[in-house]
Amino acid sequence: MAKKYQGKVVAPEFPGGLPWLNATGPLTLSAFSGKLLLLNFWTSSRVDCIQLVPVLRKLEQDYPEEFAVVGVHTPKFDEERATENVRQALMRYGVSHPVVNDAERAVWQAYEVESWPTLVFVDPLGKVVGRLEGPITYEQGVTLIDEMLTEFRANGTLRPSPSAITLEQPPAGILSYPAKVLADPDNERLFIADSGHHRVLLTDMDGEVQTVIGSGVEGLADGLLEGAKFRHPQGLLAVGDLLYVADTGNHAIRIVDLEVGIVETIAGTGEQGIGRVEGGAALEVALRSPSDLALVGRNLHIAMAGSHQIWALNLDTYVVQAIVGTGAESIIDGPPEEAELAQPSGITTDEDDVLYFVDSETSSIRSADIRSAHEVTTLTGTGLFDFGDVGGEGASAKLQHPQGIDCQDQFLYVADTYNHKIKVIESETRVVATLAGSGEAGSHDGALGEASFYEPGGLSAAGDLVYVADTNNHAIRVVDLEAREVRTLNVDF
């Protein structure tokens with residue numbers, strides 16, 4: 001629960017000159033006088049910050065005139081400093097309150113914040129009355145808010161008033177923040193996790209939409225394709241007429257029977273797991289932001305970003321359990337049960353059933369041999385705050401918050417998200433090189449080194465083509481290895 005201050009201190013004012021989003025202009029603390037104000041210190045790369053977004057949105061809806069939230073976006077990665085990138089994050093995740101871009105950490109330092117997320121409570125008179133480090137559940141939020149509002153009503157300081165915000169609006173189009181893409185050339189089809197529209201699209205290899213999976217309305221509902229509901233789906237895996245979906249925002253794994261036209265939940269309760277979560281019957285275990293999927297035998301491996309682990313769902317017994325990672329956030333190799341991961345966001349497997357995954361928060365590429373060597377190994381990446389855009393071998397190479405990975409032959413293809421590039425790694429030598437992308441955010445087609453992406457989140461290799469979910473461009477791009485060029489796929493009905 002929130003730490004209360006014995007002596008209330010005046011909340012430091014927002015410095016002038018900082019960019020504001022979801023607002024008509026710069027705001028001051030006086031704009032929230034008479035309300036309980038929550039300052040949410042967050043950064044868009046961290047899954048625990050993203051998990052807070054729907055919690056805060058619901059609290060704002062429940063207390064529309066007595067409670068207000070201001071997001072203080074304080075970056076971890078270099079790419080998170082740019083106001084336009086912060087704006088994209090607000091639209092992608094549906095942030096519904098004003099946000100100040102604290103690129104140089106001025107507000108962070110004024111409030112003596114040390115970690116993400118940190119919640120600071122300011123009373124109706126502008127004084128700091130509590131602080132909480134780490135996320136909260138909706139129920140915890142209600143308890144805290146009710147307790148504080150009761151006190152403020154009693155002392156006569158509460159002055160309810162409607163909130164006035166101007167939400168950033170993403171552009172309308174067929175795709176909205178596609179997170180992952182899956183190429184299935186044997187069946188001449190693509191699957192696209194159309195995350196911003198809360199649905200999955202099935203297209204032919206030229207991008208013509210054949211089937212829409214999901215109503216497009218955010219939620220959790222099984223049933224017929226057109227009525228089913230998802231929430232920010234990401235990872236995809238196809239086995240014949242069955243499509244497995246990592247329904248990230250619902251903390252669930254869904255299965256789509258394409259022949260029958262039915263969606264069913266096969267793992268997760270729909271609620272976010274809290275603390276150390278043990279395995280068990282799949283529908284009785286609360287998962288934590290499953291982000292991507294890979295199949296080895298009858299085990300569906302899940303990149304569980306929210307718990308910093310790799311889980312396995314047995315498709316015969318429907319038992320789910322953590323198999324790689326202790327749940328602590330770090331970069332430590334060794335036996336799978338002792339290794340430490342940091343927000344695995346993409347996962348794939350090679351012909352020997354070795355798992356490869358990207359750990360976004362350590363900007364690393366790692367492998368887990370769970371069949372023979374029983375070992376987790378880091379190919380590149382060194383620490384939670386070590387990142388960059390450097391080619392080379394092993395630890396000398398640097399990435400910046402990669403989110404997607406796929407394996408083909410001896411090569412690993414990586415969506416180096418915050419560097420706006422596609423990288424390639426030779427799995428044996430561990431040499432990292434840029435395959436495509438100039439490094440500047442953009443949507444330019446053309447030669448590999450001249451083309452530009454904007455925070456690509458996932459990819460899928462299919463022979464001479466690598467399909468890329470170019471997330472912030474709301475597009476699917478195609479990297480042609482033979483022609484050595486990038487083009488944009490025309491996804492349309």
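How many bridges join strand S24 to strand S25? The count is five, and the two strands run antiparallel. This is a predicted model, and the sections below walk through some of its parts.

Strand S24 covers residues 364-369, and strand S25 covers residues 375-380.

## A sheet of four strands

Another part to look at is an open sheet of four strands. The order is S8-S9-S10-S11, and the pairing is antiparallel. Strands S8 (181-184) and S11 (209-213) stand at the edges. Each has a single partner strand, so one side of each is left without a neighbour in the sheet. From one strand to the next, the twist averages 15°.

How do such strands hold together in general? Strands of a sheet pair through backbone hydrogen bonds, either parallel or antiparallel. Here, S8 and S9 (residues 189-194) run antiparallel and are joined by four bridges. Leu182 has its bridge partner in S9, namely Phe191.

## Leu201 in strand S10

Strand S10 spans residues 199-203, and Leu201 sits in it. Is Leu201 buried or exposed? Its relative accessible area is 0%, so Leu201 is buried. The cut-off for buried is under 20%.

Which residues does Leu201 touch, leaving out those up to four places away in sequence? They are Ile174, Leu175, Leu190, Phe191, Ile192, Asp194, Val209, Thr211 and Val212. Leu175 is 26 residues from Leu201 along the chain, and their C-alpha atoms are separated by 9.2 Å. Phe191, also on the list of contacts, is the bridge partner of Leu182.

## Helices H1 and H4

Now to a pair of helices. H1 takes in residues 47-62, and H4 takes in residues 138-155. Their axes come within 9 Å and cross at roughly 40°. That makes H1 oblique to H4. The crossing is right-handed.

Which residues make the contact? From H1 come Val55, Lys58, Leu59 and Asp62. From H4 come Tyr138, Gly141, Val142 and Ile145. By type, the residues of this contact divide into five nonpolar, one polar and two charged.

Note on methods: Residues numbered from 1 in each chain as written. Predicted model: local features only at pLDDT ≥ 70, side-chain atom pairs only at ≥ 80, totals over all residues. Heavy atoms only, no water. Pairing = 2+ DSSP bridges. Axes fitted to C-alpha atoms, helices over the stretch in contact; angles between N-to-C directions. Parallel < 35°, antiparallel > 145°, perpendicular 65-115°, else oblique. Left-handed = near helix turned anticlockwise from the far one by under 90°. Contact = heavy atoms within 4.5 Å. Nonpolar A, V, L, I, M, F, W, Y, C, P; charged D, E, K, R; others polar. Buried < 20%, exposed > 50% of the residue type's maximum accessible area, 1.4 Å probe, protein only.
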